[in-house]
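Subject: Structure for you to look at

Hello,

Please find the structure below. My notes on it follow.

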Amino acid sequence: MKTFVSIILFLFLGLSCVNRIEHTPEKLDRKADQYSIRIAVGSCNKVDEPNVFWDDIAEQSPEAFVWLGDIVYADSNDISVIQSEYNKLKEITNYTRLTEQMQIFGIWDDHDYGKNDGGQEFEIKVESQQALLDFLDVSKEDQRRTQEGIYTSHLLQNNYGTVELLMLDTRYFRSSLTPDTENGRRYKSNTDTTTTLLGNAQWQWLEKKIENSQANFLVIVSSIQLLSNQHQFEKWENLPHEREKMITLIKCFADKNIFVVSGDRHISEFSMMPIGEDRQLIDFTSSGLTHSYSSFSGEPNPYRVKEVVSDPSYGIIDFNLKNNTVQAYMMGDKKQIQQELEVSY
Ligand SMILES: [Fe+2]
């Protein structure tokens with residue numbers, strides 16, 4: 001009898017579990033929310049490893065999917081290798097379906113750029129830029145086809161307002177990083193203020209964009225983390241004057257609702273920095289579409305809120321234009337919410 005009860009219980013719990021994870025959680029049901037503009041985000045995608053998220057993302061009907069970098073792992077100064085990795089991705093049926101259902105935007109990080117932790121010195125960055133734009137189906141007339149660097153902006157709109165994406169290029173202009181050999185760590189901060197992350201032209205473009213934007217929300221899309229500043233890997237803090245400049249710029253526009261997204265780390269986390277009275281800056285790091293830092297055992301981040309998610313993950317972000325709130329979700333397979341954060345502006 002006991003065994004029978006256990007089996008029934010197992011079957012019941014097992015089935016209810018399956019039902020729960022296949023069903024879209026109520027709060028993610030788009031039909032219940034006419035006021036939000038939704039984007040999905042993700043980074044770090046190896047084409048030879050399965051991406052189990054494409055069908056889930058499609059079902060959640062975001063207005064756009066936004067690549068946060070490491071779209072492929074090409075790591076080559078041979079342009080045909082980079083192109084062939086992008087082509088492989090374009091042949092994956094579930095990804096192709098996504099591109100037919102929603103807009104696709106993207107920036108690069110180092111592995112799709114072509115050089116691990118690479119910057120302005122990368123010898124085929126001009127060719128690599130065209131390969132990325134080809135992958136993203138960017139028209140031949142687009143500004144990015146002739147400018148240096150892949151930075152651009154995109155406007156998303158519904159009946160209640162707009163969300164503007166400010167897509168940064170953290171590679172093309174970036175000065176060399178400084179290895180921290182004495183401490184056996186990857187990088188240390190380089191305080192030489194002649195070094196740059198975005199370069200002059202991109203900084204000027206960004207300042208104008210923020211100043212002139214009429215959007216209800218501005219999303220700064222950076223491949224690397226802006227706020228987390230104590231780990232040894234790539235981050236804005238490796239060029240601390242550039243991080244300071246970005247935070248100061250955001251602080252200056254107290255009337256703008258600014259939200260940052262980043263990738264790169266193979267972990268996902270929310271970082272939050274107070275930037276004024278009742279004003280918080282969020283950096284939502286969403287990383288590992290196909291692979292994650294599963295052996296992650298902790299690292300300091302004074303700005304972290306909640307926990308680190310070290311399972312594969314993508315992000316869903318709802319910008320509510322009626323309530324002026326942002327709902328950000330770290331998402332696992334079968335629409336499982338790993339962690340969520342609500343931010344009021
Ligand atoms: Fe990566």
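What makes the arrangement of the four donor atoms around the iron ion irregular? The angles that these atoms subtend run from 85 to 164 degrees, and therefore the arrangement is irregular. For reference, four donors count as tetrahedral if all angles lie between 85 and 135 degrees; four count as square planar and six as octahedral if opposite donors are over 155 degrees apart and all others between 65 and 115; anything else is irregular.

Before the details, a note on the source. This is a predicted model, in which local features need pLDDT of at least 70 and side-chain atom pairs count only at pLDDT 80 or more, while totals for chains, interfaces and linings use all residues. Residues are numbered from 1 along each chain as its sequence is written, and side-chain values use heavy atoms, with hydrogens and water left out.

The iron site

Cys-44 (SG), Asp-70 (OD), Tyr-73 (OH) and His-266 (NE2) are the protein donors of the iron ion, at 1.9 to 2.6 Å from it. Donors here are N, O and S atoms within 2.8 Å of the metal (3.2 Å for Na, K and Ca); water is not among the atoms, so sites may look incomplete. Along the chain the donors have the spacing C-x25-D-x2-Y-x192-H.

Cys-44 sits in the loop between β1 (36-42) and α2 (54-59); helices (H or I, at least four residues) and strands (E, at least two) are DSSP runs, numbered from the N terminus. Cys-44 is not a glycine, yet its phi is positive, at about 65 degrees. With a relative accessible area of 0%, Cys-44 is buried (buried means under 20%, exposed over 50%, partly exposed in between, with a 1.4 Å probe and protein chains only). Asp-70 and Tyr-73 are both buried as well.

His-266 belongs to the loop between β9 (258-262) and β10 (268-276). Because its relative accessibility is 18%, His-266 counts as buried. Beyond neighbours within four places in sequence, the contacts of His-266 (heavy atoms within 4.5 Å) include Cys-44, Tyr-73, Ser-287 and His-291.

The β4-β5 hairpin

β4 and β5 form a hairpin, with two residues between them. β4 pairs with β5 (residues 161-167) in the antiparallel sense over seven bridges; pairing requires at least two bridges found by DSSP. Gly-161 in β5 is the bridge partner of Asn-158. Five of the seven residues of β4 (residues 152-158) are buried, so the strand is largely enclosed by the rest of the structure.

Regards
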